[in-house]
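Please examine the sequence and the structure shown here before reading on.

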Amino acid sequence: MSSTSGSLPVVLLHGWPVTQDHWRHLSPCLADAGFAPTAISLPGLGVPATGVSSFRKAHLAARLREEPTRRGVTRFALVGHDWGATVALLLAAAAPDSVVCLVVEEEIAPGVDVEIPEPGAAHYPSWHGPFNRVPGLADTLVPGREDAYYGTFLSESAGPAGLDESVQRSYIDAYRAEGVLEAGLGYYRTRDDDVADVNALRSDPVEVPVLAVGGRHAMGSAVAQGLRPLATDVGSIVLDRSGHYPVEQEPEQTVRAIVGFLEHHRR
């Protein structure tokens, strides 16, 4: 994470089960607009989780908060997708003097009870959370069946537009690596602690500006609805043809909205 020639650093945190390739359209456009994008893979999200014992999102946010301080970065923006967005939300709450603004792409934080509207409710999988939380179940059933497990989730959550076939293959292959399954499941098994941490924001909400980005064939307007009890300044955009991956599925429109939001608030 670095800032060159006064460029505002933008930290990109992807979710499960994707990799930094999720940002392949956004990162170069951020650089062209004068930002300094840094894509970070949280431990266990397609990469090993070496030395990490807790996947509680507040703990991951605290680990991440140390990184810019070590590098002398005092102000930065955050863009988070899926689990990366929950970590980013908690980091924005913990470091309001450092975080300039926050983009939340396709995430409803743990403990936030909002209904996903149609057509998203018909596409976004409801099975994966409960399945992943059962101790020992996915751990036993998934090895050797990664194509079915990750492939089914990616295909369903992407909605009718789908994902680029080669990129989806790269995601599945990344999560096939040793130790990544167990670490990824760890994100789901800290739910009680995550709910408590998120609920604390109801009485002390995030005050930095937030842009909620939803895909109409996934969480849609529920992203913004779920953020409004947790943050004081929430704008929103819903991408008509996207599922759970707007920056991949409708990159031109999504990138334009994100860059415009960041440009407005970096001043």
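The model is predicted, with local features requiring pLDDT of at least 70 and side-chain atom pairs counting only at pLDDT 80 or more, while totals for chains, interfaces and linings use all residues. Residues are numbered from 1 along each chain as its sequence is written, and side-chain values use heavy atoms, with hydrogens and water left out.

The largest pocket holds about 610 Å³ of space. A pocket is here an open set of points, on a 1 Å grid over the protein atoms alone, with protein on both sides within 12 Å along at least five of seven lines; lining residues have an atom within 4 Å of a point. Its volume is the space filled by probe spheres set on the points. Of the 25 residues that line the largest pocket, I108, Y124, H128, R191 and M219 lie nearest its centre. Helices α5 (128–133), α9 and α10 (191–199) each contribute at least two lining residues, and α5 gives the largest share, four residues. Helices are DSSP runs of H or I with at least four residues, and strands are runs of E with at least two, numbered from the N terminus. By type, this lining comprises 14 nonpolar, four polar and seven charged residues.

The second largest pocket has a volume of about 240 Å³. Its lining consists of 13 residues, and I40, P43, R63, L64 and E67 are those nearest the centre. Two or more lining residues come from each of β2 (35–40) and α2 (57–70), with α2 supplying the largest share, six residues.

Helix α8 (residues 165–174) has V167, Q168, Y171, I172 and A174 as its buried residues; buried means under 20% relative accessible area, exposed over 50%, and partly exposed in between, for a 1.4 Å probe and protein chains only.

Finally, the whole structure contains zero disulfides, a disulfide being a pair of cysteine sulfur atoms within 2.5 Å. For C29, the nearest cysteine sulfur is that of C101, 17 Å away. C29 is partly exposed, at 32% relative accessibility, whereas C101 is buried, at 0%.

Terms used
On a 1 Å grid over the protein atoms alone, a cavity is a set of points where a 1.4 Å probe fits but cannot get out, and a pocket is an open set with protein on both sides within 12 Å along at least five of seven lines; lining residues have an atom within 4 Å of a point. Ala, Val, Leu, Ile, Met, Phe, Trp, Tyr, Cys and Pro count as nonpolar, Asp, Glu, Lys and Arg as charged, and the others, Gly among them, as polar.
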